[in-house]
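Here is a short briefing on one protein model. Keep the structure open as you read.

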Amino acid sequence: MKTLTDQLSQYAAYHRDRRNILTHFVGIPMIVMAVAVLLARPVFGQWGGVALSPATLVTLASVLYYLRLDLRLGVVMAALMALCLWFAQAVAAQPTATWLVVGIGLFVVGWVIQFIGHYYEGRKPAFVDDITGLIIGPLFVVAEAGFLLGLRRELQHDIEARVGPVRDSSAARTA
C-alpha cells in the first residue's frame with residue numbers, strides 16, 4: 001500500500017495552482033456530500049441510531065482507509081465524514097424530489113467548480129489517470145487546510161520536495 005506521502009504527492013502533482021486548490025475547498029466537499037446523500041437510500045435498518053445504507057458502508061470503508069494512511073488525518077476525516085453522513089441521512093428522509101434535487105445539484109455544481117479549477121491548473125483531474133484520486137481528494141483538502149493553519153509542516157515539505165511548491169494564483173494562466 002502506498003504511504004500517505006505517496007498518495008498526497010501523486011494527487012498534489014495535479015494541483016499546484018492555488019486557484020485550483022481553492023476550488024477544491026468548495027467542490028470536493030460538495031461532491032462528497034452529494035455522494036453521501038445519493039447513497040443514503042435505501043436504508044437497510046438502524047444500528048445505534050445510525051441508518052444503515054450504502055452511504056454508511058462507503059463512509060465506514062473510507063474512514064478505515066484514511067485511518068490506515070494516517071491516524072491524525074484519519075480522525076479528522078472520520079469526524080467530517082460523520083457530519084456528511086448525518087447530513088445525508090437528514091436529506092434522504094425528505095421526499096424523493098428533495099433528496100434527488102439536493103444530491104444531484106450538489107454533485108453537478110461540485111464538479112463544475114472542480115473543472116473550473118482544473119482549467120486554471122491546465123491539467124486534467126488526478127482521477128483520470130488513477131481512480132484512487134477520488135478517495136484521496138477529500139484527504140488532500142483536509143491536508144491542505146492543515147498546511148494553511150501551519151500544521152503538518154514536515155508532510156507539506158515532503159510533498160513539495162516531490163512535486164514542487166504551490167504556484168501563486170496571481171500568475172495568469174497562459175493558453
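Two rings of Phe, Tyr or Trp count as an aromatic pair if their centres lie within 6.5 Å. The structure holds 6 such pairs. The model is a predicted one. Its protein chain has 7 helices and 2 strands.

**Overall build**

- From the N terminus on, the order of elements is α-α-β-β-α-α-α-α-α.
- The radius of gyration is 17 Å, close to the 16 Å that the globule rule gives for 175 residues, so the protein chain is as compact as a globular protein of that length.
- The C-alpha trace spans about 50 × 35 × 30 Å along its principal axes.
- Buried residues make up 43% of the 175 residues.
- Take the contacts with a separation of 6 or more: 75% of them come from residues 24 or more positions apart.
- The accessible surface of the chain is about 9,300 Å², and 70% of this belongs to carbon and sulfur atoms.

**Nonpolar cores**

- The largest nonpolar core has 27 residues. Leu4, Leu8, Leu73, Leu139 and Leu155 touch the most other members.
- Six helices each supply at least two residues of this core: α1 (4-12), α2 (18-39), α3 (54-69), α4 (71-92), α6 (133-148) and α7 (153-163).
- Helix α6 gives the most to this core, with 7 residues.
- Which residues does Leu139 touch, not counting those up to four places away in sequence? They are Leu4, Leu8, Tyr66, Leu69, Leu73 and Met77.
- Another core, of 9 residues, lies apart from the largest one. Among its members are Val37, Ala40, Ala55 and Leu85.

**Aromatic rings**

- Tyr11 and Phe140 form a tilted pair. Their rings are 4.9 Å apart, centre to centre, with 50 degrees between the planes.
- This pair links distant parts of the chain. Tyr11 is in helix α1 and Phe140 is in helix α6, 129 residues apart.
- Both Tyr11 and Phe140 are buried.
- Why is the pair of Tyr65 and Tyr66 called tilted? The planes of Tyr65 and Tyr66 stand at 55 degrees, with the ring centres 6.3 Å apart, so the pair is tilted. The tilted range runs between the limits for stacked (under 30 degrees) and edge-to-face (over 60).
- Tyr65 and Tyr66 are both buried.
- One aromatic cluster is made of Phe107, Trp111, Phe115 and Phe127.

**A charge over a ring**

- Arg123 lies over the face of Tyr14. The distance to the ring centre is 3.8 Å.

Conventions:
Residues numbered from 1 in each chain as written. Predicted model: local features only at pLDDT ≥ 70, side-chain atom pairs only at ≥ 80, totals over all residues. Heavy atoms only, no water. Core = buried A, V, L, I, M, F, W, Y, C linked by side-chain atoms within 4.5 Å. Buried < 20%, exposed > 50% of the residue type's maximum accessible area, 1.4 Å probe, protein only. Helix = DSSP H or I, 4+ residues; strand = E, 2+ residues; numbered from the N terminus. Contact = heavy atoms within 4.5 Å. Lys NZ or Arg CZ within 6 Å of the ring centre and 35° of its normal. Rg over C-alpha atoms; globule rule 2.2 N^0.38 Å. Areas by Shrake-Rupley, 256 points an atom, 1.4 Å probe, with all protein chains shown as cover.
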